Amino acid sequence: MGQQRRVLALVTAVVFLGGCGGGGGGHGSHSSADRVVNVTMRDIAFDPSAVEVKAGETVRFVFHNEGQIRHDAFIGDEAAQAEHEKEMKEAGSDGKDGHGDGHGITVDPGDIGSLTHKFKAGDSLIIGCHEVGHYAAGMKVAIAVS
Ligand SMILES: [Cu+2]
């Protein structure tokens with residue numbers, strides 16, 4: 001019994017940590033995602049660079065950083081991307097605390113991170129990397145909602 005409780009606590013902690021970075025939308029319950037989309041992070045690009053989702057669908061994006069440098073993934077519309085780009089520049093590149101609204105994650109080389117989002121009709125969203133210079137270099141995923 002004691003052993004089971006410990007395992008459960010550990011699992012809960014992992015789910016919490018994993019969901020926490022994504023913030024807001026998902027509330028950490030990964031099991032509620034309708035679909036998982038794997039995205040590879042490279043130096044400097046996302047692969048794939050375009051993803052199609054359906055309105056009403058909750059998608060968990062799992063980012064695999066296969067590059068040599070740190071990347072991040074921030075979900076938002078064009079305006080939010082521009083604002084976040086500005087924030088990250090002002091914050092320098094010292095990492096996770098630079099993410100204001102909590103719709104972004106930072107993934108170290110060799111690491112995996114996830115972001116869960118529920119899409120609605122009319123959403124015009126992008127996932128962008130805002131490590132200095134990356135977004136400008138085109139490190140983004142265009143999301144088409146149908
Ligand atoms: Cu990047």
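In which sense do β5 and β6 pair, and over how many bridges?

Mentor: Bearing in mind that this is a predicted model, β5 and β6 pair in the antiparallel sense over four bridges, and within that pairing His 71 has Val 107 of β6 as its bridge partner. β5 also pairs with β8, again in the antiparallel sense, over three bridges, and here Phe 74 stands opposite Gly 128. The strand is mostly covered, with five of its six residues buried.

The largest nonpolar core has 20 residues, and Ala 73 is listed with Phe 46, Phe 61, Phe 63 and Ile 127 as having the most contacts inside it. β1, β4, β5, β6, β8 and β9 each supply at least two residues of this core, while the largest share, three residues, comes from β5. In soluble globular proteins, nonpolar side chains tend to be buried together.

Phe 63 touches Ala 73 and Val 107, and its other contacts beyond four places in sequence include Val 39, Met 41 and Ile 112. β4, which spans 58-65, belongs to an open sheet of four strands with the order β2-β1-β4-β7 and mixed pairing. In that sheet β2 and β7 stand at the edges, each with a single partner strand, so one side of each is left without a neighbour in the sheet. Its neighbouring strands are turned by 25° against each other on average, direction ignored. Between β1 and β4, which run parallel, there are seven bridges, and Thr 40 stands opposite His 64 in β4.

Methods
Residues numbered from 1 in each chain as written. Predicted model: local features only at pLDDT ≥ 70, side-chain atom pairs only at ≥ 80, totals over all residues. Core = buried A, V, L, I, M, F, W, Y, C linked by C-beta atoms within 7 Å. Buried ≥ 20, exposed ≤ 12 C-beta atoms within 10 Å, placed from the backbone. Contact = placed C-beta atoms within 7 Å. Pairing = 2+ DSSP bridges. Axes fitted to C-alpha atoms, helices over the stretch in contact; angles between N-to-C directions.
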